[in-house]
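Here's a quick tour of one protein model, written for someone new to reading structures. Keep the 3D view open and follow along.

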Amino acid sequence: MATVEEENKVILARSRRHTRRSFLGAGVAAAAGFGLYRWIEGRPAEDDQPIPYRNAFEANAAISQALFHDHALTPTYPLHQAENLRVNGVFGLKEELVPESYRLQVVGSTAVEQHPGFSRDVTAWEYRYTQTKSAEDPGHDTKSAPHHANDAKQEKPERGREDAGQSDSTLAPGTPGLLLTMDDVLKLPRQELVTQFKCIEGWSQIVLWAGVRMADFIEAHPPEKIAGREPKFVYMETPDGDYYTGYDLAVCRHPQTLLVTEMMGAPLTQFHGAPLRLHMPTKYGYKQIKRIGLISYTDLKPDDYWTKLGYDWYAGL
Ligand SMILES: Nc1nc2c(c(=O)[nH]1)N[C@H]1C(S)=C(S)[C@@H](COP(=O)(O)O)O[C@H]1N2
Ligand SMILES: [Mo]
């Protein structure tokens, strides 16, 4: 049996090869990738694998590498290499959330009416914020003017107050779904992972994460089928709708995609996304949303904060 170290060496070598190839193929993939991807995802699936994947592998190595990489494992590291992550980007986190007022909205999952967390309108849930100013360093990415904290009446804040504006995928009032507590989320098996976090700005850090696998979450709250098959996408946003992200359902089921509650052995802080953030080591940092307020299954390609500002929706490494 191979030791963890040996296994990691293999994975590392493989992932280096991937990186090199996806560099070579980046232009082709950028030009053709999206169209092809949509075409593939539109096919009926057999054993979870859409049939044309195979043909695509043979037809075009560059594009298939980009697709295949979604299913490959990223390397893990020994704990002693892990360090505290810097804070980078606090859209949707500027006001401190009152922990008891936190709920995770889940939309598009099956059998919601039977669930104790069922709500006829998840958008009506009122998150509360404190007026206290955080002592935590908000990092450098705070160029937007700080918006005024809610006044004493705790009015619902306006959504989409940051550079990218409001999300096109935001829920309409009256959307039914679930309102889960953190206790609900933490019923799922605990998972720890030491992986690299990569920001597109050119820095990376190795971090110890803990939380639950998103795959387990999806199994516990499976998507309702649309026209006999699973919806293609997952959409997430912060409780105030200021930051938002979209994913393929498949990458959410990747075994290293985590709903994170702790970093480096401590609970998440406000600016790292308490009480729940995403870690997705197959994607750049901007896809790893902090302070998840909503998880929604959808068949419409979701809007994404940084895609709106010109970055790639796919954001694969
Ligand atoms: N809610 C929210 N999530 C976010 C961002 C943000 O501004 N707001 N920035 C993203 C970017 S670009 C990065 S690199 C990481 C940074 O996470 P960290 O602050 O924990 O290092 O969060 C991502 N998730
Ligand atoms: Mo980033």
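## Strands side by side

Strand β4 (residues 104–107) and strand β7 (residues 177–180) run antiparallel and are joined by 3 bridges. Within this pair, Leu104 has Leu180 of β7 as its bridge partner. Strands here are DSSP runs (E, at least two residues), numbered from the N terminus, and two of them pair if DSSP finds at least two bridges between them. In general, strands of a sheet pair through backbone hydrogen bonds, either parallel or antiparallel.

Now zoom out: the order β5-β7-β4-β15-β10-β11 makes an open sheet of 6 strands, with mixed pairing. Its edge strands, β5 (118–119) and β11, each pair on one side only.

## How to read this model

This is a predicted model, where local features need pLDDT of at least 70 and side-chain atom pairs count only at pLDDT 80 or more, while totals for chains, interfaces and linings use all residues. Residues are numbered from 1 along each chain as its sequence is written, chains are lettered from A and ligands numbered from 1 in the order in which they are written, and side-chain values use heavy atoms, with hydrogens and water left out.

## Around the ligand

What surrounds ligand 1? There are 19 residues, and the closest are Arg86, Phe91, His272, Arg277 and Lys290; to count as near, a residue needs a heavy atom within 4 Å. Sorted by class, this shell has 10 nonpolar, 6 polar and 3 charged residues (Ala, Val, Leu, Ile, Met, Phe, Trp, Tyr, Cys and Pro count as nonpolar, Asp, Glu, Lys and Arg as charged, and the others, Gly among them, as polar).

A nitrogen atom of ligand 1 is 2.7 Å from a polar backbone atom of Phe91, and a nitrogen atom of the ligand lies 2.9 Å from a backbone N or O atom of Gln288. The protein buries 98% of the 530 Å² that ligand 1 exposes when taken alone (areas by the Shrake-Rupley method with a 1.4 Å probe).

## Two backbone details

Look for the cis peptide bond between Ala274 and Pro275, with omega at about 0°. Pro275 sits in the loop between β13 (266–267) and β14 (277–279).

Then find Ala111, in the loop between β4 and β5. Its phi is near 50°, a positive value in a residue other than glycine.

Conventions
A polar contact is a pair of N or O atoms within 3.5 Å; within protein, one must be able to donate a hydrogen and the other to accept it, and residues adjacent in sequence count only if both atoms are side-chain atoms. Helices (H or I, at least four residues) and strands (E, at least two) are DSSP runs, numbered from the N terminus.
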